[in-house]
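Here are some notes to read alongside the model.

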Amino acid sequence: MCLGVPGKVIEVHDSVALVDFWGVRKEVRLDIVDEAVGPGDYILNHVGFAIRRIPPESIEETLALYEMLLADGGDDLMSLDVRSEIEASS
Amino acid sequence: MNDLQFRDPRQARSMAATLVRLVSETGRKVAVMHVCGSHEQAIAKYGLRSLFPKTLEVIMGPGCPVCVTDLPEVDEGVLIAAQGARIATFGDMLKVPGSVKSLADAQASGAKIDIVYSPRQAVEIARSTTEEVVLFATGFETTAVATAAVILDNPPPNFSVLSAHKYIPPVMEIVAEMPETRIEGFLAAGHAAAITGSAIFEPFVARHKVPVVIAGFEPNDIMAGLVELVELIRAGTPRVVNMFPRCVTRDGNLRAQEQLWRVFRPIGGRWRGIAHVPNGNLRLRDEFAHVDARRRFPIDLTSLWDYAPPALAGQCICGDIMSGIRNPNDCRLFNRECVPESPVGACMVSNEGTCKIWHLYGGVPDLEASA
């Protein structure tokens with residue numbers, strides 16, 4: 001899936017970040033992301049890698065889609081993809 | 001339309017009205033293509049097609065990486081697994097038919113297949129065993145950068161990669177050049193463009209005089225992207241417009257691009273059912289021959305020739321569907337012999353496949369009939 005999932009960086013050790021995705025904490029690699037990432041930043045995770053640091057002014061807008069998908073609890077393919085990406089162990 | 005599912009229903013309604021006006025101003029039927037499974041999922045989930053004018057056709061192109069994985073690529077995985085190596089791959093790949101067998105068939109006859117979510121997990125499996133572990137890697141540039149990163153991060157010697165990664169920009173050229181194509185504009189996927197940047201589409205637009213709009217994934221993002229795209233078509237001013245600036249920049253993610261092209265080189269190859277796509281496949285460069293499963297394992301596809309291919313496979317029209325020439329309802333197998341439980345074609349396997357999405361949502365509303 002190409003949607004990816006945004007999450008909040010809790011801590012960073014070398015090229016690995018601990019990231020919170022709606023209460024699920026996972027390690028995400030920072031090898032690919034092209035900006036410095038620190039605690040409090042939001043990143044877009046795709047298959048265990050941060051592909052983008054979300055600009056602070058866009059965080060709310062970015063989270064809105066996911067909030068909407070998680071809130072409607074739908075069993076449609078889009079909601080399932082997002083939930084499985086959040087839950088997938090990394 | 002279900003207002004609750006839109007953050008701003010008034011805006012959605014206003015954009016739908018604009019879309020009707022713009023298409024009618026062209027004085028013709030307009031067909032545009034998106035190349036992203038997540039876009040199709042959103043269009044289906046939010047019922048956007050019921051908001052489009054019936055003279056606007058929004059077609060899902062080859063935007064499902066699993067669906068465009070060619071049969072011989074699946075065969076390569078099956079043959080490597082038959083040699084005793086463990087295959088690590090993404091869940092959707094399991095049921096994708098090869099010429100003779102799928103990986104699920106191979107697993108049923110004893111092959112070791114691990115489902116992974118990330119290329120990193122394949123490396124972790126390799127670290128935990130002395131067996132050969134082969135990451136059967138599918139996906140577009142967004143996923144290929146993750147594979148590149150694990151290859152550059154000193155994986156253990158028993159780890160290798162069978163790359164079926166594909167690169168989106170060249171296949172858009174193919175669709176644009178098909179003689180029977182009706183596609184007048186492309187909606188590009190936001191997150192693939194986050195890697196490549198919006199500028200990657202500029203030479204394409206210059207060559208084909210077809211506009212490209214990069215759009216996000218919210219229903220209103222898609223509506224706004226379509227309004228922009230149809231306006232460019234109506235005005236006859238093809239250019240690249242980035243409607244997803246919070247995620248996509250003009251240059252893209254240069255660090256990811258550097259790793260992608262350090263590890264991979266683009267070569268021509270077939271996309272399932274569509275065509276030979278020049279530069280559409282990503283293969284490992286010679287410097288990474290030691291990690292390249294194609295060079296570590298003998299793969300003799302002719303050994304499969306003794307087996308008959310599944311009889312129904314020849315009737316599958318996935319390729320025409322992904323090229324925008326036909327839709328799932330034109331397929332004799334769709335929702336009859338071909339269903340998610342026993343898919344004939346790859347488009348019914350993946351959650352990002354047009355046929356699977358249409359199967360789940362009951363296709364598109366018959367607007368002609370209800371008009």
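1. A definition to begin with: a residue is buried at under 20% relative accessible area, exposed at over 50% and partly exposed in between, using a 1.4 Å probe and protein chains only. Helices (H or I, at least four residues) and strands (E, at least two) are DSSP runs, numbered from the N terminus. By these terms helix α8 (residues 168–177) of chain B is mostly covered, with eight of its 10 residues buried. Among them are B:I168, B:P169, B:P170 and B:E173.

2. Some housekeeping. This is a predicted model, in which local features need pLDDT of at least 70 and side-chain atom pairs count only at pLDDT 80 or more, while totals for chains, interfaces and linings use all residues. Residues are numbered from 1 along each chain as its sequence is written, chains are lettered from A and ligands numbered from 1 in the order in which they are written, and side-chain values use heavy atoms, with hydrogens and water left out.

3. Now the sheet. Four strands of chain B form an open sheet in the order β4-β3-β5-β6, with parallel pairing; two strands pair if DSSP finds at least two bridges between them. β4 (113–115) and β6 (159–163) of chain B are at the edges with a single partner strand each, so one side of each has no neighbour in the sheet. On average, neighbouring strands of this sheet are turned by 25° against each other, direction ignored.

4. Looking at one pair, strand β5 (residues 133–137) of chain B joins β6(B) in the parallel sense over five bridges. Here B:V134 is opposite B:S160 in β6(B).

5. Which residue of helix α4 (residues 71–82) of chain B deserves a look? I would pick B:V74, which lies in that helix and counts as buried because its relative accessibility is 0%. Its C-alpha atom is 4.9 Å from that of B:G98, 24 residues apart along the chain. Beyond its neighbours within four places in sequence, B:V74 has contacts (heavy atoms within 4.5 Å) that include B:M93, B:F136 and B:R272.

6. Finally, a helix pair. Helix α2 (residues 37–45) and helix α15 (residues 354–361), both of chain B, pack at about 15° with their axes 10 Å apart; axes are lines fitted to C-alpha atoms, for helices over the stretch in contact, and angles run from 0 to 180 degrees between N-to-C directions. Angles under 35 degrees count as roughly parallel, and α2(B) and α15(B) are therefore roughly parallel to each other. Residues meeting there include B:Q41 and B:A44 in α2(B) and B:W358 in α15(B).

Notes. Angles under 35 degrees count as roughly parallel, over 145 as roughly antiparallel, 65 to 115 as roughly perpendicular and the rest as oblique.
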